[in-house]
Amino acid sequence: MPTKNVDERISKFKNKGKDPAKLRDKRISACVELRKANKDENFMKRRNISVDLSSDYISNEMVASLDIEDIIKDVNSNCRESQTRGCQAARKLLSQERNPPLKEIIDSGLLARFVSFLSMDDEPNLQFEAAWALTNIASGTSWHTQQVVEHGAVPSFIALLASPMLHISEQAVWALGNIAGDGAAYRDILIECNVVPALLARISPDTPVGYLRNLTWTLSNLCRNKNPFPPLSAVQQMLPSLIQLLHLSDKDILSDACWAISYLSDGDNDRIDVVVRTGIVPRLVELMSHEEISVMTPALRSIGNIVSGSDLQTQVAVDAEVLKVIPVLMRHQKPSVQKEAAWALSNIAAGPCRQIQQLITCGLLVPLVEQLRNGDFKTQREAVWAVTNFTSGGTVEQVVHLVHSGALEAIINLLQVKDAKVILVILEAINNIFMAAEKLGETEKLSLLVEELGGLDRIEMLQNHDNELVYQAAHTLIEKYFGDGDVVGVKVESTEEAFVFKTSDVKKTFEF
Amino acid sequence: MELNDANLQSLTEFLRKTLDPDPAVRRPAEKFLESVEGNQNYPLLLLTMLEKSQDQVIRVCAAVTFKNYIKRNWRIVEDEPNKVSDADRTAIKANIVNLMLSSPEQIQKQLSDAISIIGREDFPQKWPDLLTEMVNHFRSGDFHIINGVLRTAHSLFKRYRHEFKSNELWTEIKLVLDTFALPLTELFKATIELCQTHATDVNALKVLFSSLTLISKLFYSLNFQDLPEFFEDNMETWMTNFHGLLTLDNKLLQTNDEEEAGLLELLKSQICDNAALYAQKYDEEFQPYLPRFVTAIWNLLVSTGQEVKYDLLVSNAIQFLASVCERPHYKHLFEDQNTLTSICEKVIVPNMEFRSADEEAFEDNSEEYIRRDLEGSDIDTRRRAACDLVRGLCKFFEGPVTAIFSGYVNSMLGEYAKSPGQNWKHKDAAIYLVTSLASKAQTQKHGITQANELVDLNEFFVNHILSDLKSPNVNEFPVLKADAIKYVMIFRSQLPKEQLLQAVPLLISHLQAESTVEHTYAAHALERLFTMRGPNNSTLITPAEMAPFTEQLLNNLFKALALPGSEENEYIMKAIMRSFSLLQNAIVPYIPTLIGQLTHKLLLVSKNPSKPHFNHYLFESLCLSVRITCKANSTTVSSFEEALFPVFTEILQNDVQEFLPYVFQVMSLLLEIHSNSIPSSYMALFPHLLQPVLWERTGNIPPLVRLLQAYLEKGGASIASSAADKIPGLLGVFQKLIASKANDHQGFYLINSIIEHMPAESITQYRKQIYILLFQRLQGSKTTKFIKSFLVFINLYCVKYGAIALQEMFDSIQPKMFGMVLEKIIIPEVQKVSGPVEKKICAVGITKILTECPSMMDTEYTKLWTPLLQALIGFFELPEDDSIPDDEHFIDIEDTPGYQTAFSQLAFAGKKEHDPIGDAVGNPKILLAQSLHKLSTACPGRVPSMLSTSLNADALQFLQGYLQAATVQLV
């Protein structure tokens with residue numbers, strides 16, 4: 001069960017310093033979220049409820065139901081058989097659909113026993129049952145996971161990875177995935193315990209698909225989380241395997257491998273660079289067209305992250321023809337996909353004018369304006385950013401082209417949205433468009449157009465907006481393009497009748 | 001300050017004195033309170049008083065004083081002392097909520113404000129238990145207390161509606177949601193249940209409905225930034241109940257007041273806002289509920305009356321429908337013919353009707369009516385909302401909607417035809433409907449610019465508008481007359497010219513209507529028609545076509561200015577201005593009479609200038625009178641001076657600040673008409689124009705500079721001979737202006753005129769100082785604008801006094817200065833100079849430096865000769881360099897010459913561009929070729945060798961072109 005919000009991506013813009021518009025600074029979305037966790041994200045932790053792991057598997061139905069007291073007694077006994085029976089009953093309880101008694105099992109002090117069973121290589125059944133029970137406990141809240149780790153399960157699980165019994169090894173993979181998914185701290189503890197080489201050693205042409213799915217998921221959790229990021233050395237170790245996995249065809253493997261890439265690319269340009277240099281970008285672009293939404297979503301996220309990087313990194317995605325896919329995704333039926341696609345577009349629009357030109361050439365303005373007009377609000381917000389970035393970096397001709405595509409009309413209509421930031425960003429775009437018009441000597445024409453489109457009325461109304469910055473931006477626009485401004489003066493000596501014309505003594509020599 | 005009775009007693013006395021009407025008693029008491037407010041316990045004494053004083057007046061006074069004290073002192077400003085002691089802060093926060101809740105309403109409001117001020121600073125970190133404390137009161141069951149809590153919460157949370165998303169803000173909201181959302185939801189449900197239990201108890205209902213309104217407002221604030229998880233999970237509860245409340249009616253809550261919105265209306269309005277918020281921002285999640293809300297809101301509209309008290313509700317409700325109907329995926333909710341018909345019939349048409357409130361405004365408050373009707377300040381009106389809904393529906397259903405409305409328009413016109421006297425309002429609504437249906441885009445300048453093609457505007461004009469305009473009694477049905485005039489005005493770009501020409505005399509006769517709205521609209525319509533463009537950039541309506549009506553037009557316009565209420569009617573004055581400008585020579589015969597009327601008006605308004613637009617157009621009209629008349633016969637200028645100077649003198653003497661820039665401009669215009677001397681009446685004024693007080697007002701600077709330039713142009717010699725003692729003052733103005741980045745170009749205008757028009761000997765003694773000032777400014781803060789003006793100035797100087805004089809002047813200030821200016825300023829920057837005259841001056845000046853300055857040929861300056869020539873050729877051939885260094889970005893936009901701000905520039909006082917070089921140099925390139933030729937013959941061989949060694953190939957090629965064109969050769 002996801003226990004905290006996972007949509008922590010930094011959505012940011014390239015920050016190029018050369019540009020005077022402050023709005024093109026990095027956009028870091030607040031980490032605090034009010035919304036429900038995004039349903040499109042993959043799980044941080046998973047419970048093993050009934051998945052068929054191997055032929056040795058004994059399904060829950062076949063296991064006797066015991067109450068907790070009996071379980072405690074069995075597990076604590078010295079008889080192997082009782083221990084196995086207790087463990088089985090415990091994992092059955094922990095696998096029930098509703099309200100598994102995680103806390104009760106922890107409180108009953110069984111964890112130490114479970115952990116000790118993990119190293120009993122001569123008792124594979126016991127090993128397996130204990131691993132399963134611990135996996136499910138570790139799938140709970142952070143506190144639950146913490147109990148598992150503090151009972152010393154990590155080294156034992158890593159050792160179990162090498163188990164010749166595939167289903168036991170796989171259960172260890174799963175448990176480690178849950179621990180890694182808890183957060184950066186446990187992830188790094190696992191990495192320090194050399195979990196990565198142990199995991200990668202299990203990848204071979206013969207590894208069953210089911211096993212690979214679990215393993216990919218665990219790897220994705222090892223790539224996950226920021227503050228801090230996973231150590232670069234571990235990332236370098238994992239990347240070649242992830243790239244390999246990305247070329248398989250199983251959708252679950254692809255999905256988790258893409259998520260892994262999306263986590264790795266969700267950082268500063270150096271982090272993005274590590275991903276881009278593997279040469280995986282064309283494959284990611286290809287996967288953006290995957291029919292499974294669970295694959296397409298993280299592929300889109302990864303590319304979205306990459307185009308938030310440097311111009312060169314963005315160009316790699318552009319060269320992989322990402323601009324052919326984005327229009328399709330901007331028209332996807334799911335608003336959340338439209339939004340992510342528009343976000344990617346907004347970052348490409350923050351690039352240099354030759355990339356902006358590619359947006360025009362590839363026909364991105366049509367879906368952009370469509371979304372501005374009729375999109376879901378979240379998509380409209382990204383689309384507005386795209387317009388503002390476009391207008392602050394584009395050439396005069398490009399900006400004119402954008403206006404002719406209907407973007408000006410569309411953003412003017414959006415001036416009535418209930419979001420102060422979006423309004424401010426729109427006002428900045430309008431200001432940018434005016435600056436382009438100034439270069440053409442067509443400010444008056446533009447003023448009329450803005451008025452005709454109902455913009456003047458709206459901007460005038462915004463002078464009553466409660467947000468100070470919005471009010472100021474609206475006021476400045478009105479003053480600059482629809483009215484008069486002020487000038488400043490300086491003091492010179494004077495008498496009642498006239499100013500005093502005199503030069504101060506020249507001490508310095510002139511040097512220009 | 002101890003918390004004791006003695007202090008309470010004395011503070012009570014001081015508080016009482018602050019209410020005294022006598023300032024001698026009041027002021028010292030206020031001063032005293034201010035002087036002691038820094039003491040510990042002061043705020044606690046106030047709280048004690050507002051709680052315990054026997055005197056109600058003192059309690060309220062203490063509450064107000066407390067709130068103001070909090071407002072001034074609570075915030076801790078960095079690097080400033082903490083103005084409220086920590087003990088007081090803690091004590092206040094511990095008690096204020098309970099105190100607020102147990103106080104009577106008047107005091108409760110003050111304390112609630114104080115809590116929100118404190119909350120803004122301290123909540124949540126430094127006041128962690130505030131919310132829990134508030135929430136606990138929800139369980140009290142006492143709705144006076146609950147409403148106090150809700151009101152306070154509202155003032156704490158309403159900032160979520162306008163602040164930017166940030167981690168800090170969202171952390172706070174999350175915290176609020178965690179403690180507040182569930183109890184609020186429970187309270188909401190409980191309150192609705194109580195409404196049912198107490199359905200017959202009007203007093204209980206009133207309190208409960210206030211709570212519901214506050215809860216709905218809180219819902220809006222808490223849901224504004226993003227859709228919180230809690231509210232998404234509980235959407236069913238909230239939306240079902242909101243929907244129920246929208247459809248609820250209770251006779252007991254209906255009010256008799258026609259104007260003031262009642263509790264039901266306030267609540268429903270807020271629910272409309274909440275639904276609109278969800279529809280706009282959380283469409284995906286809200287979709288299942290939206291159709292229900294559309295139906296409920298539409299039913300609400302159908303059943304709501306015409307009274308003013310429903311206006312906000314109705315306009316919010318209509319705006320909700322308008323925003324939903326233009327979204328593609330909700331199209332289906334509206335597309336049924338019956339639905340459309342019903343919306344048109346029951347929602348749009350009734351809300352377009354002319355109501356008695358509109359009628360009152362039309363008659364008694366014409367300014368407000370015009371502002372709403374003409375200038376679009378009708379944002380929250382029903383008519384505006386109905387119009388927006390028409391436009392929204394037309395996005396997908398233009399055809400059906402137009403068809404439905406055509407039926408309505410016809411039936412309303414039919415009603416009118418049956419009994420115009422009784423049913424004139426039907427026609428008004430019909431016209432309004434046609435207007436809103438037809439207009440798709442509009443600007444002030446051009447009227448409607450895009451119309452619905454399904455509406456035949458011309459036919460409607462011929463059949464229904466013209467008859468009203470033609471009606472012989474202009475005072476009958478003034479509203480319909482105003483509608484008809486407005487129709488002509490806004491559809492002017494759509495109507496054929498012959499119809500407009502037919503309308504012109506009719507509009508002229510409506511200038512005489514008694515109704516202010518009507519004659520104002522007539523003036524405005526005429527003014528707009530006169531500004532329409534015809535073929536060849538001329539006016540659409542020509543002076544010849546106006547000839548038959550000229551006299552009537554001028555007569556009626558000036559008579560309209562005498563109608564009661566229109567003495568300073570800006571629309572009429574603007575129409576006068578526009579008529580003058582259109583008619584040109586045709587007005588000359590009338591000017592002797594009209595100028596008297598205009599100056600009389602000017603004298604009147606100068607006593608108390610209150611209508612800036614009226615005054616502006618008045619001055620424009622004066623300028624036009626002068627220009628048009630003097631163009632025909634320049635000697636008439638003296639008669640204008642006779643008429644105007646007495647009023648101008650009065651304005652100058654009384655220092656009517658608003659009018660001075662205008663007066664200076666009109667005087668410039670008059671003075672520029674004089675041939676070559678300056679009348680003594682102007683000379684007497686000259687010293688006064690140099691007074692610093694005039695120059696301190698930025699609005700005076702451009703017109704005053706222009707006036708001084710006119711003085712110099714017409715009377716440079718007279719000033720030198722009869723007012724030589726004023727020259728330092730004149731130069732003082734120059735010094736003042738070039739010290740300002742904003743005004744330096746004005747200073748250059750002035751110094752250029754001085755150089756050009758003053759006899760050389762009169763300024764010889766000042767020249768060096770002038771340059772030193774310029775160099776100091778150049779050194780201290782050079783901007784692109786300054787450099788451009790500086791380059792023009794030194795080249796003008798060079799043209800006037802010669803290149804040698806320029807070089808010697810520079811080198812006398814500092815050795816090798818001339819070379820430095822060439823190298824660091826002229827050569828790299830000349831490319832930036834813009835404007836044809838400015839460029840010509842620079843070209844001629846540089847040519848002189850190249851060819852008439854010996855030190856360029858045989859000193860160390862020689863190495864700069866070729867670069868300078870190269871720069872000049874580049875100046876001729878390369879596109880202008882308009883690059884501006886980053887930090888100047890802002891200055892340049894606001895302050896470049898020609899970009900006149902904060903000064904009331906008169907369009908019709910325009911000044912012709914002055915070219916100091918004039919015909920003396922036709923083509924500067926030829927001049928360069930000829931001058932080089934002359935130089936080369938003076939020192940044979942030198943020029944070609946300098947060219948061949950370092951001039952680049954492109955430049956050389958251009959130069960050869962010049963030489964060929966001038967048919968000269970270098971030797």
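**Ground rules.** I worked on a predicted model, where local features need pLDDT of at least 70, side-chain atom pairs count only at pLDDT 80 or more, and totals for chains, interfaces and linings use all residues. I number residues from 1 along each chain as its sequence is written, letter chains from A and number ligands from 1 in the order in which they are written, and take side-chain values from heavy atoms, leaving out hydrogens and water.

**Entry 1, aromatic pairs.** I searched the whole structure and got 49 aromatic pairs over all chains. Rings of Phe, Tyr and Trp (its six-membered ring) pair if their centres lie within 6.5 Å; planes under 30 degrees apart count as stacked, over 60 as edge-to-face and the rest as tilted. I looked up B:Phe157 and B:Phe180: their ring centres are 5.3 Å apart and their planes at 85°, so the pair is edge-to-face. B:Phe157 belongs to helix α8 (residues 143-157) of chain B and B:Phe180 to helix α9 (residues 167-197) of chain B, so this pair ties together parts 23 residues apart in sequence. Helices are DSSP runs (H or I, at least four residues) and strands likewise (E, at least two), numbered from the N terminus. B:Phe157 is buried at 0% relative accessibility, and B:Phe180 is buried with a relative accessible area of 0%. My cut-offs are under 20% relative accessible area for buried, over 50% for exposed, and partly exposed in between (1.4 Å probe, protein chains only).

I then took B:Phe219 and B:Trp238, which form a tilted pair at 5.0 Å centre to centre with 35° between the planes. B:Phe219 sits in helix α10 (residues 202-222) of chain B and B:Trp238 in helix α12 (residues 235-247) of chain B, so the pair ties together parts 19 residues apart in sequence. B:Phe219 is buried at 1% relative accessibility, and B:Trp238 is buried with a relative accessible area of 1%. Ring pairs link both residues into a cluster that includes B:Phe188, B:Phe242 and B:Tyr282.

A charge sits over a ring if NZ of Lys or CZ of Arg is within 6 Å of the ring centre and within 35 degrees of the ring normal. I found A:Arg46 over the face of A:Trp174, at 4.8 Å from the ring centre. B:Lys281 lies over the face of B:Phe224, at 4.6 Å from the ring centre.

Which residues of helix α23 (residues 396-404) of chain A are buried? I list A:Val396, A:Gln398, A:Val399, A:Leu402 and A:Val403. Seen down the axis of α23(A), the buried residues fall within an arc of 160° (from the directions from the helix axis to the C-beta atoms), so they line one face of the helix. The face turned away from the buried side carries the exposed residues A:Glu397 and A:His404. Just after α23(A), A:Gly406 takes a positive phi of about 100°.

I noted a cis peptide bond between A:Asn227 and A:Pro228, with omega about -5°. A:Pro228 is in the loop between α11 (209-223) and α12 (232-246) of chain A. B:Phe123 and B:Pro124 are also joined by a cis peptide bond, with omega about 0°.
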